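Subject: Structure for you to look at

Hello,

Here is the structure I said I would pass on. My notes on it follow below.

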Amino acid sequence: MSKKRKKQPVSLADKIIIPLLAVSVICSGALAANYKTLMANRQYNDILEMDVIYNNIFINNYEVAGLTVDQAREKLERELQQGKFENYTINLQLPDGGSDDVIPITYKECGMKYDFEPELKEAYNYGRTGKDSQRRAVIEELENAGKFLTAEYSYDRDMIEQAVKKHENEVNALLLNNEKMDIEKTVEMIEGMLDINAKDSNVEIPVK
């Protein structure tokens with residue numbers, strides 16, 4: 001018989017943060033809607049004055065048009081970084097084990113993270129240089145071609161090693177003939193998978 005979980009009281013911090021997040025999302029949507037309305041009516045003089053990223057600009061395939069830099073950063077962190085990226089895994093396959101005999105190491109455990117700042121800066125500055133006529137031409141061209149930017153990611157070798165070592169005793173207990181998990185090679189194999197962003201892939205644990 002399953003136990004029912006007691007409802008946790010909402011903390012004062014949550015009572016403050018949740019409404020603030022809601023306001024942020026509403027404001028972000030209003031800005032984007034207002035921007036798209038101006039674009040539809042080709043009111044370029046008003047558009048040039050807006051403190052938002054121009055139309056049809058994407059970072060890692062996420063549209064950031066009509067958002068301020070802070071709003072775009074928040075969107076990418078929420079929907080891409082925390083919503084997807086951090087939860088990807090590299091699965092350590094146990095030697096001689098079946099397809100389900102794996103130990104997942106998450107991207108978050110590996111210190112994997114995107115650096116959005118260079119692309120956010122480029123996205124915001126796109127169409128903001130030159131005379132007004134030149135800027136309008138760039139904004140019009142965005143309607144036809146769009147601008148697609150790709151943020152780079154990095155990982156932390158020390159964090160990978162720590163994540164692997166957490167499972168060292170568990171793995172060694174399953175090995176035969178006094179074999180031991182090769183920590184160094186395991187880390188290197190994980191790094192190889194991360195270098196090509198081979199999310200949810202399997203690597204067989206090397207032994208020595």
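Asp156 caps helix H6 at its N-terminal end, where one of the side-chain oxygens of Asp156 lies 2.9 Å from the backbone nitrogen of Asp158. Please keep in mind that this is a predicted model.

Helix H6 itself spans residues 157-165, and Ile160, Ala163 and Val164 are buried in it. These three cover an arc of only 100° around the axis, so they sit on the same side of H6. Asp158 and Gln162 are exposed, and they are on the face of H6 turned away from its buried side. What do the buried residues of H6 pack against? They pack against strand E4, helix H7 (168-172) and helix H8.

Strand E4 belongs to an open sheet of 3 strands with the order E4-E3-E8 and mixed pairing. Strands E4 (102-106) and E8 (201-204) are at the edges with a single partner strand each, so one side of each has no neighbour in the sheet. On average, neighbouring strands of this sheet are turned by 30° against each other, direction ignored.

Strand E3 (residues 89-93) and E8 run parallel and are joined by 4 bridges. Leu92 is the residue that stands opposite Val203 in E8. Helix H8 (residues 183-195) lies across both E3 and E8, and runs at about 140° to E3.

Which residues of E8 are on its covered face, and which on the uncovered one? Ser201 and Val203 are on the covered face, while Asn202 and Glu204 are on the uncovered face.

Strand E1 (residues 57-59) runs parallel to E6, and 3 bridges join the two. Phe58 has Phe148 as its bridge partner in E6.

If you want a place to start, look at H6 with its buried residues Ile160, Ala163 and Val164, then follow their packing to E4, H7 and H8.

Regards

Definitions and conventions. Residues numbered from 1 in each chain as written. Predicted model: local features only at pLDDT ≥ 70, side-chain atom pairs only at ≥ 80, totals over all residues. Heavy atoms only, no water. Pairing = 2+ DSSP bridges. Axes fitted to C-alpha atoms, helices over the stretch in contact; angles between N-to-C directions. Contact = heavy atoms within 4.5 Å. Buried < 20%, exposed > 50% of the residue type's maximum accessible area, 1.4 Å probe, protein only. Arc of directions from axis to C-beta. Polar contact = N/O pair within 3.5 Å; in protein donor to acceptor, adjacent residues only side chain to side chain.
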